[in-house]
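Hello,

Please find the structure below. My notes on it follow.

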Amino acid sequence: MFFKYIRRNVIKNRKNNGLFFGSLIIAIIAFYTLLSLGDQDVIKFLRKFESDAVQKLLSLIPIVYIVSLFFVFFLVYFAYSYQLDNRKKEFGLYLMHGMKRITLFGMLMGETLVNSIISLIIGLPITILLTELISLVTAKIIGFGIIGHSITFSSFAILGTVAGFVIIQVMAMLILSIKITQKDPKELMDSDSPERQETAKRKSSKIYLFIGILVLITAYFLGISRLKTNFTLFLPIIILGIAGTFLFFRGLGELIGHHIRKNSSSNSGLYTFTGRQIQEHVIHQYKALAISSLLLFIAIACVSFGISIVLSQVVAPERTVDYSVYGTEENIREALNTDEAKSIVSEYYPVYASQMRTNTYDLEGEILSKRENSIDFTWGNTAEVFSKISTGKEDESYLQRFKDKTGDYVISLSTYNQLLKTIGEDPLKLESNQVAFYTSFVERAGIIEMMNLGLDKGVYVTIDGQRYDVIPKVRHHRLFADRELTLLGSFIVTDEDYKKWADSNEPYCWNIILKKDMVEKLGYFEISDKMDKILDGKDLVYGDLLRGASRKIFYAVTAGYITLYLGALFMVIANTVIGIKYLIQQRTDKHRYITLLKMGATVVELSKSARSQIRIFFGIAITLAIFNTIFGVWSMFVSFLRLPYGTPIKPIIIFITITAISFIIIECIYIYMVERASDKEIRELEMIKRGVIVE
């Protein structure tokens with residue numbers, strides 16, 4: 001009989017609490033995805049180049065996992081408390097008919113274990129398939145087509161997911177079961193109303209609403225216009241946003257009441273009842289609404305942040321060069337003139353890039369070090385033109401370098417044209433009195449845009465007293481396979497000028513281009529491994545595209561996985577809290593529904609009213625979360641998040657569209673699940689009214 005009760009109650013509770021069980025399965029998916037990160041294709045790839053960074057990332061996973069367990073524990077505790085509160089009379093009847101308290105306790109714990117097992121049986125296969133899909137997509141998108149995919153199964157992630165999931169469920173039910181079994185049957189049989197929050201009067205509600213809106217507007221304004229120049233405002237903006245959200249919901253009930261009073265005379269049916277219910281939901285549950293709205297905001301902000309970091313790091317490096325090799329010309333030619341090298345190398349050429357032969361000056365213009373046969377260099381009108389276009393402190397700090405007399409690197413025109421030939425572009429042409437501006441610092445898109453605007457207005461530099469015009473458009477094609485040399489503000493010059501101005505006329509390195517058909521046939525990872533073996537042991541130092549891209553991939557994976565994980569977790573918690581809070585409030589007001597049924601209202605009409613309440617209840621929290629997100633993400637992008645120059649717009653639009661559609665689908669699913677639970681409760685109230693079941 002004991003196990004029969006457990007089986008019956010598990011089936012009944014699973015049918016009646018689809019919202020909660022759906023959230024548990026999503027939590028299982030989130031746990032496994034996080035714990036299996038070390039077995040993802042991208043992480044396996046990164047271990048070869050960024051082993052220390054990867055190890056630090058993986059050492060953070062247990063911390064993130066424990067924090068997420070903490071949040072999910074409260075979600076489980078809150079949801080189970082709602083379920084048990086609905087079953088108080090059932091427990092009272094068990095005790096009145098002679099069931100021992102220890103037996104009731106064991107039954108509840110047994111139900112919890114069975115529920116956990118069922119959730120795991122459903123959730124684990126789904127999460128394993130989903131994780132494989134995520135791994136495959138990540139390898140394709142973030143891996144630039146150079147990372148392969150292999151099916152993996154993480155036993156550690158399985159054990160961690162099962163252990164953590166079962167522990168938080170058992171702990172939550174243990175605490176609640178002890179509370180239930182300590183109560184008298186009479187206390188359980190009596191109908192309890194949830195504790196209501198203190199409500200404000202009409203006048204004070206208006207004040208709360210006004211102050212809340214004012215505080216939110218202040219937070220929005222500071223985030224958009226001041227945060228980019230003063231990062232110390234970050235914490236005050238967060239505090240203002242949280243305070244404004246709570247104050248807004250505290251006073252929103254009066255605004256709804258005013259709208260009802262204004263329109264009730266022109267509407268019939270259950271309009272006024274629906275409106276008053278919504279008003280009471282907001283008034284009595286404003287704290288839950290505020291917390292849920294903030295959690296939704298955090299969820300969307302996490303996803304937005306993760307996507308922006310991914311997009312800023314996964315701009316696929318142009319295959320202008322596959323390897324940059326440093327060493328003597330004799331050793332390089334010896335390594336590349338073998339049959340094995342010729343089978344995979346398309347071409348190789350010397351890169352002439354050297355520091356300009358200028359003296360080094362301090363900030364006051366005094367010479368710090370002299371070079372033999374130095375040239376006299378000034379930036380001409382560069383600083384003057386660019387400063388008129390500069391928009392922030394980031395630009396101003398960068399522009400300081402244009403006020404000294406020290407030149408940067410120069411690149412020979414023939415070298416750059418060889419690069420352009422590799423990618424199929426027309427060669428660059430320079431007159432004898434012209435130079436082109438080059439930078440490899442594409443991460444700072446705003447600066448490149450500023451410089452392009454300045455070059456269009458006409459910029460010149462002077463070298464040995466002669467004026468050289470800088471032609472429009474900054475050049476930024478990848479010159480080296482690695483990040484051995486970062487060129488912030490260099491010049492592409494004619495070969496004749498290069499010989500006169502360069503500190504060294506020896507090649508800086510040699511660039512190697514791999515055969516395209518071999519890359520497509522073998523895959524970039526395998527052909528790169530072959531190339532490494534050719535160059536190793538030849539007294540050569542080299543950098544390659546994989547090593548240059550690995551750090552970007554690491555940042556993308558770190559931000560992408562963790563932020564998307566947290567975003568999904570917070571979204572589950574927020575929606576579950578909103579749904580359960582509504583159902584608690586509806587159960588509290590069940591006598592109103594029974595009264596309306598006795599007065600002639602139909603189940604269909606009440607269900608329609610309840611559905612309107614649910615959609616508006618969710619909609620209020622979602623709407624403010626979206627407003628907060630718009631201004632929050634706007635603040636992030638104008639302050640500390642900048643997409644690199646050349647980031648393609650199409651992937652951004654695709655990601656934003658997918659995110660928006662996914663968010664809408666998730667919210668619709670949660671609203672639908674709450675509506676189903678609400679419809680069921682109203683049907684049960686109809687049966688109570690008819691006397692089919694006893695309240």
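Asp-464 is partly exposed, because its relative accessible area is 48%, which falls between the 20% limit for buried and the 50% limit for exposed. This is a predicted model, so please read everything here as computed. Asp-464 sits in the loop that links strand E9 (459-463) and strand E10 (466-470). Leaving out residues up to four places away in sequence, Asp-464 touches Ile-375 and Asp-376. Phe-377 is 87 residues away from Asp-464 along the chain, yet their C-alpha atoms are separated by 6.3 Å.

Now the sheet. Strands E9 and E10 belong to an open sheet of seven strands. The order is E3-E7-E11-E8-E10-E9-E6, and the pairing is mixed. Which strands form the edges? They are strand E3 (353-355) and strand E6 (377-378), and each pairs on one side only. Helix H17 (residues 413-422) packs on this sheet. Helix H17 touches strand E7 (409-412), E8 and E11, and its direction makes about 65° with that of E7.

Look next at one pair inside the sheet. Strand E8 (residues 434-438) runs antiparallel to strand E11 (residues 490-493), with three bridges between them. Ala-436 stands opposite Ile-492 of E11.

Ser-490 is also in strand E11. Is Ser-490 buried or exposed? Ser-490 is buried, because its relative accessible area is 0%, and the cut-off for buried is under 20%. Its contacts beyond four places in sequence are Asp-408, Tyr-409, Ala-436, Phe-437 and Tyr-438. So Ser-490 and Asp-464 fall into separate classes: Ser-490 is buried, while Asp-464 is partly exposed.

On to the nonpolar cores. In soluble globular proteins, nonpolar side chains tend to be buried together. Here the largest nonpolar core has 104 residues. Leu-104 and Phe-249 have the most contacts inside it. Helix H4 (residues 51-86) supplies the largest share of this core, 16 residues. Which residues does Leu-104 touch, not counting those up to four places away in sequence? They are Phe-91, Tyr-94, Leu-95, Met-99, Ile-180 and Thr-181.

There is also a second, separate core of 25 residues. Among its members are Phe-386, Leu-455, Val-459 and Phe-491.

If you open the model, start with the loop holding Asp-464.

Best wishes

Conventions:
Residues numbered from 1 in each chain as written. Predicted model: local features only at pLDDT ≥ 70, side-chain atom pairs only at ≥ 80, totals over all residues. Heavy atoms only, no water. Pairing = 2+ DSSP bridges. Helix = DSSP H or I, 4+ residues; strand = E, 2+ residues; numbered from the N terminus. Contact = heavy atoms within 4.5 Å. Axes fitted to C-alpha atoms, helices over the stretch in contact; angles between N-to-C directions. Core = buried A, V, L, I, M, F, W, Y, C linked by side-chain atoms within 4.5 Å. Buried < 20%, exposed > 50% of the residue type's maximum accessible area, 1.4 Å probe, protein only.
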